[in-house]
Structure formats: structure tokens, C-alpha cells
Amino acid sequence: MLKDTLTADLKDAMREKDKVRLSAIRMIRTAITEKEKAGTGVATEDDVLAIIAKQAKQRRDSIAQFEVAGRDDLAAHEAAELAVIEAYLPAQATDEEIRAVVDAVVARTGATSMKDMGKVMGPAMGQLKGVAEGGRVQAAVKAALGAG
């Protein structure tokens, strides 16, 4: 289970005194603990993957904001943590794979315009859960529906 892997990797990071890896894993484990204490019970494998994906998205957003603000030192730190976090995520879908799923959903639902975006986004995100960010899927849907 991924939680066990995180625990073992945390111990390894402590032994190796790898501060970046230690920090990234601790933040993931803290988020898992917070979710479990929120009354939802023990986090499932899907919950843990969702938490890790959220942590990765937060790092990407932070990197973009730090770069805009000219804080390259902080952006580099976030990028290092992002690399650690992404190691726990499944391989991300390529743009072609995302486009193939979106095209199949568009064909199945008969969506023809941006008004039908909701009909496409839900099923597409369901199929691409954990392997593609919503922004990438949204861009593919917009392109498929003629808005991108």
C-alpha cells in the first residue's frame, strides 16, 4: 500500500538526511492524517493518490507564482519537492492519450459545442482520474469542441 511505502521512504529520508524528500513526504503524510481525522475513516489507496495529486498541483501552482514574483530560490525548492511527490503518482497520460479519451467521449455523448462541455468533462475526468490534470483535460475538451 502507498501509505506503507511513504512510511518506509520517510524513514529512508531521515537516515539519509535528505531534507527535501523528508519535507515532501511529511507534507503528504500530514495531509493523509488530516483527511483521516476529518471523520472519513482510514484513507484508501484512491484517497492517498488524490491527496498526492493535490499536493503536486499545489507545488505547480506555487512554482508558477514564485516565478512570477521573481523568487527563483523558492521556485527551485518547490520544484525539488514536486519531483519527489511525482514519484508516487502513476505515469501521466500523454496529450495524445487525453485527446483520444476526449474524442471518444465527444463521439459517445454527441457533444457539438461549448454548451456541451459539462457532458464531456465529467466522463473524461472519470476515465483520466489520477493520470491527467483537469486543466489539461479541459484544454483538450475545448479544442475538441472548437473553442481552443
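A salt bridge here is a side-chain nitrogen of Lys or Arg within 4 Å of a carboxyl oxygen of Asp or Glu. Applied to this predicted model, that rule gives a count of 13 salt bridges. Side chains of opposite charge can pair when their charged atoms come close.

Take Arg-15 and Asp-12 to begin with: their closest N and O atoms sit 2.9 Å apart, which makes the pair a salt bridge because the cut-off is 4 Å. Both residues belong to helix α1 (residues 2-16), and the spacing of three residues is about one turn of the helix. Arg-15 counts as exposed, at 61% relative accessibility, while Asp-12 is partly exposed, with a relative accessible area of 27%.

Helix α3 (residues 45-68) holds Asp-61 and Lys-57, four residues apart, again about one turn of the helix. Their side chains meet in a salt bridge at 3.3 Å, N to O. Asp-61 comes out as partly exposed at 37% relative accessible area, and Lys-57 is partly exposed too, at 44%.

Arg-136 and Asp-95 form a salt bridge through their side chains, at 3.0 Å from N to O. Arg-136 lies in helix α7 (residues 134-144) and Asp-95 in helix α5 (residues 95-109), so this contact ties together parts that are 41 residues apart in sequence. Arg-136 is partly exposed, with a relative accessible area of 28%; Asp-95 is partly exposed as well, at 46%.

Salt bridges also link up into a network, which joins Asp-9, Glu-16 and Arg-21.

Key. Residues are numbered from 1 along each chain as its sequence is written. This is a predicted model: local features need pLDDT of at least 70, side-chain atom pairs count only at pLDDT 80 or more; totals for chains, interfaces and linings use all residues. Side-chain values use heavy atoms; hydrogens and water are left out. Helices (H or I, at least four residues) and strands (E, at least two) are DSSP runs, numbered from the N terminus. Buried means under 20% relative accessible area, exposed over 50%, partly exposed in between (1.4 Å probe, protein chains only).
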